[in-house]
Amino acid sequence: MTPFGEKLRALRAERDLSLKQMAEGLGVSSAYLSAVEHGHRSRPNRRFVHRVCQYLNIIWDDAEELQSLANLSHPRVTVDTAGLSPQATVLANRLSDEISCYDNETIERLLAVMDDAAST
């Protein structure tokens with residue numbers, strides 16, 4: 001599941017909407033909406049996120065958060081390390097190979113390190 005899919009499912013549950021009801025309201029199939037929730041489709045585009053926001057009456061900061069989650073929700077990421085250091089290539093390859101072995105605590109620690117590095 002992607003961050004966008006997780007949030008979408010939570011919003012649907014908060015509003016007590018079935019997958020079928022929400023899919024009909026968005027003008028998509030239940031299979032498509034399920035695939036989006038489970039991360040089996042590509043990252044949702046701005047138009048789809050906008051339709052979700054309209055359907056669920058999501059505005060301002062909540063709409064921006066949903067778009068940010070969509071931007072971070074590509075289920076098949078490609079990392080281009082051309083022009084970067086050899087260590088960057090090793091990092092990208094190891095992360096690709098090993099991410100399925102990491103528990104949530106390890107992933108949270110890695111994200112914290114990345115957040116710290118980005119803020120300095």
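Where is Ile99 found? Ile99 lies in the loop between helix H6 (86-98) and helix H7 (104-119).

## Model and overall fold

This is a predicted model, in which local features need pLDDT of at least 70 and side-chain atom pairs count only at pLDDT 80 or more, while totals for chains, interfaces and linings use all residues. Residues are numbered from 1 along each chain as its sequence is written, and side-chain values use heavy atoms, with hydrogens and water left out.

The protein has 7 helices and 0 strands (DSSP runs numbered from the N terminus: helices are H or I with at least four residues, strands are E with at least two). Its C-alpha atoms fill a box of roughly 50 × 30 × 30 Å along the principal axes.

## Burial and Ile99

Of the 120 residues, 27% count as buried (under 20% relative accessible area; exposed is over 50%, partly exposed in between, with a 1.4 Å probe and protein chains only). Ile99 is partly exposed, with a relative accessible area of 44%.

## The largest pocket

The largest pocket has 30 lining residues, and Ile99 is among those nearest its centre, together with Val77, Leu95, Ile107 and Leu111. Helix H1 (3-14), helix H5 (60-71), H6 and H7 each give two or more residues to this lining.

A pocket is an open set of points on a 1 Å grid over the protein atoms alone, where a 1.4 Å probe fits, with protein on both sides within 12 Å along at least five of seven lines; lining residues have an atom within 4 Å of a point.
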